[in-house]
Amino acid sequence: MQVYKAFFRIIQKNLLQIIIYVFVFLAVSISLTIAGVNPVQTEFTQTKISMAFFDYDNSSLSLGLKNHLAKTGRMADLADEAESIQDALFFREIEYALRVPQGFAEALMSGEEAYIEKISVPASVSEVYLDNAVNKYLNTARIYISNTEGLSQEELADYIAADMEKSAKVEVNREIEELTLSQKAGNHYNYMAYSLFAVLILGVSSVMLVFQSQDLKNRNLCSPITLRNMNFQLILGNISYAVLAWMVMNLPSIFMFGSFMFTAKGLLLMANSLIFTMAALSISFLISILVTSPGAVSAAANVVSLGSSFISGVFVPQELLSDTVLRISSFTPAYWYVKSNNDIAGMGEVTAMSRAPIFNNMLIILGFAAASFTIALVITKQRRIKKQ
Amino acid sequence: MVIKVENLVKRYDGLIALDHFSLEVREGEIFGLLGPNGSGKTTAINCILSLLKYDKGTIEVYGRPMTPDAYDIKRNIGIIMQNVAVFDELTVYENIDYFCGLYIPDRKKRKELVEEAIDFVELNKFRNFLPKKLSGGLLRRLNIACGIAHKPSLIILDEPTVAVDPQSRKKILEGIKELNKNGATVVYTSHYMEEVEEICTRIAIMDKGKVIALGTKDELKGMIHSGEKVTIEIFDYSSNILEEVRSIPHIITAEYTDNLLVARFSKGKNNLGVLLDYLRSRQIETGRIYSEPPTLNDVFLEITGKELRDYAKGVQ
């Protein structure tokens, strides 16, 4: 196994450059994971809606309604004039105005139709939100009125206020937690595409460039080692190196995401990255045949890895990329790899149906691997024939 | 017969590199392939080693046809090519071990052979050096060690001393003689006639893809009309001397430049004595006197009308 051993000695000589790429990947991925930055993560922050409340009833119920709305809205001091209300709505000083007419509470208590007037920004989220809050208050009042006899306005307002104070205890369930973790893992695996590509192009091309130098090639061809044996050792070296690189890249994810990596989703992410490694290996092999100098190897490693990563959604989510860019990137395995990672990360439950598109993408990536390898073999054969 | 090549023809896009080239290399000899650059030496070697396909002819090594998959034959061959072919990433020891390992799978035996090769080329002090740290001469010695570590019975050296300092060249030539003494058959190609003359037992002179002369160095020199070349330092030269010198029997050419009279003789007895007698008779004072027997350059010159030496100078 002289060729195999020499393969790794040459890799060893380029180790520093390779380590830099691995280090950059880990540094970026770990820091983003620790910081909890997620390009597709949705956040919730409670905000208060500005509103105006005009109370012409001045009853306990109208006051109770005002207090209830004040919990979710910010009461603006505004004159009850059509023009000033419209101006305030237009400039978004308020988003909702509510007018309680005189006799509202009495009508409500006697079971007659009770009206309140509202003016709001049309079809806005705040409109729906405050409508819900008003309806909730009035519906609760109606339930008490229709089921309790001899109830005074003050008592009713107190009951409703007590009910509105009640809140349900919310616990963050495991499914949501896992979704966050799987998104983090998905992002980590997306970044991996760049490093895997760079590390493989750099390593494979450096070694193949040496073995393809005409003088060394001639010396090897004059030896009694068969061409098949030599190619076998070289291919074995390439595959070993690729698997080693994949393992090195995957090891930190086990430390970072722990037992998640042994769930169906974690294993799918790992399998996807292994398939992508094979495609990157094939493309690296093709590049190694096309490049002619060590300088060109570095350039190819940067251009191909960074280029395909940028257009495939490794650094920027695919949702933010234009259709044209995505159409172009669909001719790279990185696109399908990232697509699968995103699908896996966003999956609620892993079922046969949800797995199917992932496996399809994997087949496409394997197609890239087969195509690149075939082209490389054809070029090699053509060159050999031409030389002789 | 170790190598037998018959009527080899190799064309590159219509250009004939080997034109019915034939040769036989016998066991135990140092066979020299001498010729200017572009004469077809390397092409011939590459065809013999099956690195190149050829258009016509046959090649046999150890009595069997040489093909790219003749691995049993390849096992007995060691090659040292014109360009240094070693791994820049491996140390001196690792390089020799790598190439030896292609022939010798047994690790223990290989270790012994690698040590022997390192001793042979005297690279012991540099065994852990990377090739880029070696001088040109040491690099050539490493190149040789990589080719001979497995103790081949046939060693093919294609211009192994190109761009090598005189000291390293001397060591390399001594090494080749020693390898031959130890039983190896050697094929040595060069455009340096002095090297070929010094070490080769038989020589084939090549030009334009053909062997134009073949034999021992004495046989080759015996093929030509030229005898010795005499150089005499003359201080009081007068123009009519040259005409008279040219009329002396056996003198082929005579020239005078920079106080030196250079006369070429055809084969004959007492040529130098006759010339000196003439100069004495004309009371011409002489300084240093040299007489050189014909060289392979003279052989090449007489056969082709071109100087072999000029080609060699051209590439240095």
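User: What separates the centres of domain 1 of chain B and domain 2 of chain B?

Analyst: Taken over C-alpha atoms, the two centres are 42 Å apart. Chain B is divided into domain 1 (3–221) and domain 2 (225–293), and such bounds come from an automatic or database domain assignment. This is a predicted model, in which local features need pLDDT of at least 70 and side-chain atom pairs count only at pLDDT 80 or more, while totals for chains, interfaces and linings use all residues. Residues are numbered from 1 along each chain as its sequence is written, with chains lettered from A and ligands numbered from 1 in the order in which they are written.

User: What are the domains of chain A, and what distance lies between their C-alpha centres?

Analyst: For chain A the assignment gives domain 1 (2–41 + 174–387) and domain 2 (49–165), and their C-alpha centres lie 61 Å apart.

User: What makes A:Asn231 buried or exposed?

Analyst: A residue is buried if 20 or more other C-beta atoms, placed from the backbone, lie within 10 Å of its own, exposed if 12 or fewer, and partly exposed in between. A:Asn231 has 12 C-beta neighbours inside 10 Å, so this residue is exposed. A:Asn231 belongs to helix H10 (residues 227–257) of chain A, and its C-alpha atom is separated by 9.0 Å from that of A:Val3, 228 residues apart along the chain. Of the 388 residues of chain A, 36% count as buried.

User: What makes a set of residues a nonpolar core, and which members of the largest one touch the most others?

Analyst: The term is used for buried Ala, Val, Leu, Ile, Met, Phe, Trp, Tyr and Cys residues joined through C-beta atoms within 7 Å. The largest such core has 146 residues, among which B:Ile96 and B:Ala145 touch the most other members. Helix H8 (residues 174–211) of chain A gives the most to this core, with 18 residues. A second, separate core of 24 residues includes A:Ala52, A:Leu108, A:Ala141 and A:Leu156.

User: How many residues does each chain bring to the contact, and what is the makeup of the side of chain B that touches chain A?

Analyst: Two residues are in contact if their C-beta atoms, placed from the backbone, lie within 7 Å; chain B brings 21 residues and chain A 17 residues. H3(B) gives the most to the side of chain B that touches chain A, with 4 residues. That side divides into 14 nonpolar, 2 polar and 5 charged residues, where Ala, Val, Leu, Ile, Met, Phe, Trp, Tyr, Cys and Pro count as nonpolar, Asp, Glu, Lys and Arg as charged, and the others, Gly among them, as polar.

User: What is the predictor's confidence in chain A?

Analyst: Chain A averages a pLDDT of 85, and 94% of the residues score at least 70, on a per-residue confidence scale from 0 to 100.

How values were computed: Helices (H or I, at least four residues) and strands (E, at least two) are DSSP runs, numbered from the N terminus.
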